[in-house]
Amino acid sequence: MTDQSQQLESITQREYKAGFVTDIEADSLPPGLSEEVVREISRIKGEPDFMLEWRLKAYRHWLTMDTPEWAHVHYPEIDYQQISYYSAPKKKDDGPKSLDEVDPELLRTYEKLGVPLDERARLAGVAVDAVFDSVSVASTFQDKLAEEGIIFMPISQAVKAHPELVEKYLGSVVPYKDNYYAALNSAVFSDGSFVYIPKGVRCPMELSTYFRINAANTGQFERTLIIADDDSYVSYLEGCTAPMRDENQLHAAVVELVAMDRAQIKYSTVQNWYPGDENGKGGIYNFVTKRAACRGESSKVSWTQVETGSAITWKYPSVVLQGDNSIGEFYSVAVTNNMQQADTGTKMIHLGKNTSSTIISKGISAGRSQNAYRGLVRVGPNAENARNYTECDSLLMGDKCGAHTFPYIEVKNPTAKVEHEASTSKISEDQLFYCKQRGLDAEDAVSMIVNGFCKQVIRELPMEFAVEAQNLLGLSLEGSVG
Amino acid sequence: MLEIKNLHASVGGKEILRGINMSVNPGEVHAIMGPNGAGKSTLSNVLAGREGYEVTQGEVIYKGENLLELEPEERAQRGVFLAFQYPVEIPGVSNIYLLKAALNAVRKYQGLEEVDAIDFLNLVRDRMKLVKMDEQFLHRNVNEGFSGGEKKRNEILQMAVLEPALAILDETDSGLDIDALRVVAEGVNALRAEDRSIVMITHYQRLLDHIVPDFVHVLSEGRIVKSGDKELAKELEKSGYSWVHDAPEGQTA
């Protein structure tokens, strides 16, 4: 190994910055999954009957399903009876009514994560719905948003406050039968965010949720539902971190987006779950189903994701383009280092006429990691003049990692135009030496080159997130160069 | 400024430099000429600290410090600049971003604050005039889609912004037509200064018509076989490199 590679290797062996454990009392259900547990979760949350019925249907269906094995990832079988399906910080009386009542320890946790709660949030113009383990602790700006008729609240609350909306849309994009993890999530999800943007309203601020898994052996099954009614616009940010633990933790989330006529939804994720140590011990199993329905004509959904964490990432944010002239976009940076495995990509399903989609995927692999892009572009028989452009680039750092591309293209309409471009490259010694000769140290040089590689995606992120993402790339992207 | 003493260096076990001696004082411009395979690029790479070059003997003293013990970026921060023969492309990284990061890295070493955005832009605009570059170059990705001439001009722009104490120009004339050569040479001439030394490495004499050196050295088979003033270059132009092979080792400047 060259000196330079050694130097770079040492940069990759960083401590996980968000790896602290918050010491608060938690109410948890004992490990194990049964119909009783599903009923108990629903009871604790005081849900209406339709929710319990839906959960039970999902649970019974899940029992009939098998774990999907087609992804390019390897891990020991998960024992679903060893996981606790509910964990909530212990409540004082009926729970916090304002930030003053929130456990200060909890607030410090958010502070360490840089979540702009309370005043900082106001300054930053970000409304945060923070999900700590399974219960939403505090939602800021609800009142201000309510003036516009915007609903932004924990989904557990929405189930009770707006049951008609939840019943109408929950599972309408990702049915509980969709896949193994979606079925599991539907049965046991404990919280998440709910957003409704009324007709003609442009949401005046970025909505943001910070997810964090704290309790050991707790699966986090959050569920997010966003509905943008006719002519509305919303930008939603999702950030994720989890503390360092030796055991693996399961995270099986479901996100559903619905865009009506001419509505636009921009959904951005920066995922920094604990990736495990350099030997692959610990880390989050991130099995997530994210899907959007462009139901209305000329509607538009953009997914932008920067995935740097998790031991395993299994995630395909997709868009079903039902409405004529609707647009789907997927911008992704997936970084794997050490023993991380990622199998991520998207599905663009063209059903309406003149629908178009863009896929820009940047995969960066370092250490002994495996990074796969998996994408489906399907053009249905009625999707006249559908367009897709896919660009899929991989960057390898070192010679022990892998990059894989699995594109699937199914076209049933002869007027469709589908383009696919793919490239694989390495950070060259020449690039690195060039930057060093201009005075940059190895760390800054790698960070700059990698950020350049990801520029097309990073520029899609809202400003405050772009900075965070660039920092994250600087922290976790640097790897050995071969 | 720069003192090279009995420098031997190998690449992949093969000895390329076989005892280079050379001394460069502040304000001097030295040209190193020689046929292909003489070791010209090896010398510039060794001075800049590129990986893969093993120094087996000798030393290089730069401003009183042992240059060979420093990392490439430490050399750069101390004012050693290499204008590359083949400047590399860095996709997605804008020219101005690299320039600013480089300038700040040098300033940080000098204990100065990061440059203010407005001051920086004024500085860069001013320096771009030296090499007749259009402002749109700042926002293009580093060397991506640049013509040969644009790449070389970009190197000189970087030099103009970073203001190094020692600039090594590696085949800066290669691949340039006469107009581009003139622009690059004018840029370099404008950067000649009392406290700045320039070492030009070139195969052809024509560069020296535009940038007139104080000293000329002929490098052959890893040694400096002849040194002199600019007249030496003209002799070479007339007689070619073949005659120097048999010549006795020349005096070092």
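A nonpolar core is a set of buried Ala, Val, Leu, Ile, Met, Phe, Trp, Tyr and Cys residues joined through C-beta atoms within 7 Å. In this predicted model, the largest such core holds 195 residues. Seven members touch the most other members: A:Val195, A:Ala228, A:Leu257, A:Ala259, A:Ile265, B:Phe81 and B:Ile168. In soluble globular proteins, nonpolar side chains tend to be buried together.

B:Ile168 shows what such a position looks like in detail. Leaving aside residues up to four places away in sequence, B:Ile168 touches B:Ser44, B:Leu47, B:Ala48, B:Phe81, B:Leu82, B:Ala83, B:Val199 and B:Ile201. One of these partners, B:Phe81, is itself named among the core members with the most contacts to other members.

Chain A has 482 residues, and 56% of them are buried. The chain contains 13 helices and 23 strands. Among its contacts with a separation of 6 or more, 83% join residues 24 or more positions apart.

Two helices of chain A illustrate the packing. Helix 3 (residues 49–63) and helix 9 (residues 180–188) of chain A have axes that come within 7 Å and cross at roughly 145°. The crossing of helix 3 of chain A past helix 9 of chain A is left-handed. Helix 3 of chain A contributes A:Trp54, A:Arg55, A:Ala58, A:Tyr59, A:His61 and A:Trp62 to the contact. From helix 9 of chain A come A:Ala183, A:Leu184, A:Ser186 and A:Ala187. By class, seven residues of this helix contact are nonpolar, two are polar and one is charged.

Chain A also touches chain B. Each chain gives 20 residues to the contact. On the side of chain A, helix 1 (3–12), helix 10 (429–437) and helix 11 (442–453) each supply at least two residues. Helix 10 of chain A gives the most, with seven residues. The side of chain A that touches chain B comprises six nonpolar, six polar and eight charged residues.

Chain B contains an open sheet of six strands. Their order is 6-9-10-3-11-12, and the pairing is mixed. Strand 6 (80–83) and strand 12 (223–228) of chain B are the edge strands, each pairing on one side only. On average, neighbouring strands of this sheet are turned by 20° against each other, direction ignored. Strand 11 (residues 215–220) of chain B runs antiparallel to strand 12 of chain B, and five bridges join the two. Within strand 12 of chain B, B:Ile224 stands opposite B:Leu219.

Another open sheet in chain B has four strands. The order here is 2-1-4-5, with antiparallel pairing. Strand 2 (14–24) and strand 5 (65–66) of chain B each have a single partner strand, so one side of each is left without a neighbour in the sheet. Two bridges pair strand 4 (residues 53–62) of chain B with strand 5 of chain B in the antiparallel sense. B:Asn66 in strand 5 of chain B stands opposite B:Ile61.

B:Asp119 lies in helix 4 (residues 117–130) of chain B. This residue counts as exposed because B:Asp119 has 9 C-beta neighbours inside 10 Å, and the cut-off for an exposed residue is 12 or fewer. B:Asp119 and B:Val225 are 106 residues apart along the chain, and their C-alpha atoms are separated by 47 Å.

Definitions and conventions: Residues are numbered from 1 along each chain as its sequence is written. Chains are lettered from A and ligands numbered from 1 in the order in which they are written. This is a predicted model: local features need pLDDT of at least 70, side-chain atom pairs count only at pLDDT 80 or more; totals for chains, interfaces and linings use all residues. Two residues are in contact if their C-beta atoms, placed from the backbone, lie within 7 Å. Ala, Val, Leu, Ile, Met, Phe, Trp, Tyr, Cys and Pro count as nonpolar, Asp, Glu, Lys and Arg as charged, and the others, Gly among them, as polar. A residue is buried if 20 or more other C-beta atoms lie within 10 Å of its own, exposed if 12 or fewer, and partly exposed in between; C-beta atoms are placed from the backbone. Two strands pair if DSSP finds at least two bridges between them. Axes are lines fitted to C-alpha atoms, for helices over the stretch in contact, and angles run from 0 to 180 degrees between N-to-C directions. A crossing is left-handed if the near helix is turned anticlockwise from the far one by less than a right angle, and right-handed if clockwise.
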